[in-house]
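Open the model in your viewer and colour it by chain. The tour goes along the interface, one selection at a time.

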Protein chains: 2
Amino acid sequence: MEPVTLINAFEVPAGEDEAFLDGWRAAAEHLRGCPGFRSTRLHRSLGPNAEFRFVNVAVWDSAEAFQRAVSSPAFRALAERIAYPSHPALYHAVAED
Amino acid sequence: MEPVTLINAFEVPAGEDEAFLDGWRAAAEHLRGCPGFRSTRLHRSLGPNAEFRFVNVAVWDSAEAFQRAVSSPAFRALAERIAYPSHPALYHAVAED
């Protein structure tokens with residue numbers, strides 16, 4: 001089974017880093033206990049005014065495992081705390097060096 | 001020196017994957033010979049209609065090394081071949097599991 005990569009770019013206004021990080025950490029803590037979770041890495045932009053202040057790159061065993069995890073009521077309650085505009089999609093790596 | 005991560009999300013219309021990939025590979029081939037380059041990984045969305053069809057995640061020794069590499073006339077000529085709307089920024093990893 002080929003793993004999938006979730007890439008989710010968040011639009012977080014200046015001054016709201018800590019609020020976002022608190023919510024993200026709680027959601028990540030939940031997800032890492034779900035079946036199929038492999039890894040997650042959250043990135044913050046060097047410049048404070050980047051279009052996407054935070055980008056999460058996470059690896060899951062499969063699209064099904066990811067969808068199951070984020071469909072749960074427990075996760076959806078946590079996700080409400082990080083309700084900034086975001087741009088999530090699932091990807092496969094197609095080239096690397 | 002802390003490495004930096006370039007994350008660049010590309011808007012590539014349906015049907016233009018191969019044109020994008022050809023251009024991206026030529027640009028990546030050039031960049032991997034530049035001082036400070038560490039790695040690159042290109043992702044393609046599972047769904048063909050994702051907002052960002054491709055996302056590149058690359059690691060460089062420093063913001064300076066990256067800026068030097070992409071400012072060269074040689075790179076800029078190559079970049080013209082992948083002139084799709086894109087959303088590049090430099091990041092630090094702030095959390096990982």
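Predicted model: local features only at pLDDT ≥ 70, side-chain atom pairs only at ≥ 80, totals over all residues.

Show both chains first: chain B and chain A bury about 2700 Å² between them, 61% of it from carbon and sulfur atoms. Buried area here is the accessible area (1.4 Å probe) that two parts lose on being put together, summed over both.

Residues are numbered from 1 along each chain as its sequence is written, chains are lettered from A and ligands numbered from 1 in the order written, and side-chain values use heavy atoms, without hydrogens and water.

Now select the residues in contact (heavy atoms within 4.5 Å): 33 from chain B and 33 from chain A.

Zoom to B:Arg41 and A:Glu96, a salt bridge whose closest N and O atoms are 2.9 Å apart. The term requires a side-chain nitrogen of Lys or Arg within 4 Å of a carboxyl oxygen of Asp or Glu. Two salt bridges are counted between the chains.

Finish with the strands, which, like helices, are DSSP runs (helices H or I, at least four residues; strands E, at least two; numbered from the N terminus). Strand E2 of chain A (residues 37-45) pairs with E4(B) in the antiparallel sense over five bridges; pairing needs at least two DSSP bridges. Select A:Arg44 there, and its bridge partner in E4(B) is B:His92.
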